Amino acid sequence: MTRIDFYTHVADKVPVAIQLTCKAWAQGLPVWLRVPDEVMAQQLDQRLWTHPQAEFVPHCRSDHALAAETPIVIDALEMEPRSHRVLINLRSDPPLYFARFERLAEIVSQADQDAALARERFRFYRQRGFEVQAHNLANHRF
């Protein structure tokens with residue numbers, strides 16, 4: 001069954017997504033980053049080239065020719081995921097394919113609208129019988 005973790009009260013979703021991605025990559029786990037738009041896709045792409053500074057984090061966009069062989073994929077196009085290990089959802093809706101993954105990370109900002117939509121996703125997963133864990137990151141710096 002998919003392990004679902006909500007990371008809440010974050011000031012900026014991108015650094016948290018980078019941290020989670022790098023942690024998964026260090027464990028040898030492929031990551032599918034589901035993002036809402038091209039702006040966030042570009043931010044993640046740029047940050048993954050520079051973080052961590054002394055290490056290469058192999059990644060590409062979901063429409064890239066090498067996406068099937070690349071362990072970290074950034075998807076702003078709602079493409080079909082190629083791996084099913086770690087899914088990081090940065091969109092406001094639940095991914096329909098989430099149950100195929102071993103782990104799902106939901107990142108929630110401090111904005112009222114984002115928190116309200118996250119509560120809906122939280123209920124969505126719980127109503128389907130999934131256990132959901134919440135981690136308040138208000139006091140963490142990224």
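R3 is partly exposed, with a relative accessible area of 43%, whereas D5 is buried at 1% relative accessibility; buried means under 20% relative accessible area, exposed over 50%, and partly exposed in between (1.4 Å probe, protein chains only). The side chains of these two residues, R3 and D5, form a salt bridge with an N to O distance of 2.9 Å. A salt bridge is defined as a side-chain nitrogen of Lys or Arg within 4 Å of a carboxyl oxygen of Asp or Glu, and this rule gives a count of 12 salt bridges. The model is predicted, so local features need pLDDT of at least 70 and side-chain atom pairs count only at pLDDT 80 or more, while totals for chains, interfaces and linings use all residues. Residues are numbered from 1 along each chain as its sequence is written, and side-chain values use heavy atoms, with hydrogens and water left out.

**Helix 1 to helix 3**
- K13 and D114 form a salt bridge, their closest N and O atoms being 3.2 Å apart.
- K13 lies in helix 1 (residues 13-26) and D114 in helix 3 (residues 112-127), so the pair ties together parts that are 101 residues apart in sequence.
- K13 is buried at 12% relative accessible area, and D114 is buried at 10%.

**Helix 2 to strand 3**
- A salt bridge joins the side chains of D45 and R61 (3.9 Å, N to O).
- This pair links distant parts of the chain, with D45 in helix 2 (residues 38-50) and R61 in strand 3 (residues 59-61), 16 residues apart.
- Helices (H or I, at least four residues) and strands (E, at least two) are DSSP runs, numbered from the N terminus.
- Both D45 and R61 are buried.

**Network**
- Salt bridges link R34, E78, R91 and D93 in a network.
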